[in-house]
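Trainee: I am new to this structure. Please show me how to read a few of its features.

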Amino acid sequence: VWSCWFHGMISREEADQLLSQAEGSYLIRESQRQPGTYTLALRFGNQTRNFRLYHDGKHFVGEKRFESIHDLVTDGLITLYIETKAAEYIAKMTINPIYEHVGYTTLNQEPTLKKHLPHSQEEPDGPTPAKDDHNTEERLTSLVRRATLRESDLAPKYEKVHNFKVHTFRGPHWCEYCANFMWGLIAQGVKCADCGLNVHKQCSKVVPNDCQPDLRHVKKVYSCDLTTLVKAHNTKRPMVVDMCIQEIEARGLQSEGLYRISGFSELIEDVKLAFDRDGEKADISSNAYEDINIITGALKLYFRELPIPLITYDAYPRFIEAAKITDPEKRLEALHEALKLLPPAHCETLRYLMGHLKRVTQYEKENLMTSENLGIVFGPTLMRAPELDAMTALNDIRYQRLVVEGLITNEDVLF
């Protein structure tokens, strides 16, 4: 793999002597102190720098992995050059970011940042095609229309952190936070998996929590973070929750064993696929699914598959503690305080669901579903113990039931 660059078990001094002739030259040597381990010796800035070299199918000295030693060295030299020659510049990059001047750059699907950056070779000269003008006008019209709506008509402005993942950019790329070049051969920066924002890794630490998920990136409904989903669709609550509850209340409130009786699992999976594929256009009417238990099953499955449960891991201990309080008034107060720990989108969805379940209990003579029965069904569905041992998680089940039961019974007071 290392061919002519591998020089065997030579000392640090010998490596330094071999590399002293040419800036940017490099070799690989086996450690004399720890045989079986390898060092990349690289000449830069008139000195030899030594890095422990690893291989797991790809070569790496830090977090970036490379197909070849040549690529690793090339990327390393670029990084060393930038960090040495532009250290002061890098330190100041995030002080006056362009992000604050142009706002959220991917809000309108196309980065406004392009206007502030040098034109690329590929960008055509002359007037912009009429189609682009039309799109711009459409976007502006949409923004003006949205701005004139009363605040109460708009979906709430839920705060959301960006979902940054290390990303390799093809061709030259500029950071959408500070507008500076992203250097390196691979993994030059990070990209938000939900909205597509591209920034330096160091800039990602100071970007505000204002992620506006884009439907081009958020391609599913189930197993998607709840706040991400509602922001992507610009709704108060996940559309799957609204649509299922509306369907259940239209034709299922008197159905015996509602939520307790399981629907046919293949058809529940079919509903899930319909939501993932068609979103709010999914057909869950009685024409498509006559058995209401398929719709209740699809709703429960949505909550079970949330990556962060409706009652979040962070809030979980406070809800369990509240359920253990015997005094009814103090328990109610503790539940009220625990609700404050939920993210706004989670709290709004929980409020809507508890209002629905309260209405289910109003038909308990027909459907035989009391708040206690619903607590048994929804406790483990809405709450998941955060990395507790099996015995503790088992003991928590009864308290999960009490939490949901308490939320249903006191829905009008708590929300």
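Mentor: Start with a loop residue: Val221 is placed in the loop between helix 6 (201-204) and helix 7 (226-233). Helices are DSSP runs of H or I with at least four residues, numbered from the N terminus. This is a predicted model, where local features need pLDDT of at least 70 and side-chain atom pairs count only at pLDDT 80 or more, while totals for chains, interfaces and linings use all residues. Residues are numbered from 1 along each chain as its sequence is written, and side-chain values use heavy atoms, with hydrogens and water left out.

Trainee: Is Val221 buried or exposed?

Mentor: Buried means under 20% relative accessible area, exposed over 50%, and partly exposed in between (1.4 Å probe, protein chains only). Val221 counts as buried because its relative accessibility is 2%.

Trainee: Which residues does Val221 touch?

Mentor: Contact means heavy atoms within 4.5 Å. Leaving out residues up to four places away in sequence, Val221 touches Leu229, Met239, Val240, Phe275, Asp276 and Tyr302.

Trainee: Where do the buried residues of helix 12 fall, seen down its axis?

Mentor: An α-helix has 3.6 residues a turn, so residues three or four places apart point the same way. In helix 12 (residues 328-339), the buried residues are Leu332, Ala334, Leu335, Ala338 and Leu339. They fall within an arc of 160°, so they line one face of the helix; the arc is that of the directions from the helix axis to the C-beta atoms. On the other side, Glu329 and Lys330 are exposed.

Trainee: What do the buried residues of helix 12 pack against?

Mentor: Their partners are helix 11 (316-324), helix 13 (344-361), helix 16 (390-409) and helix 17 (411-414).

How values were computed. Helices (H or I, at least four residues) and strands (E, at least two) are DSSP runs, numbered from the N terminus. The expected span of a helix is 1.5 Å times one less than its number of residues.
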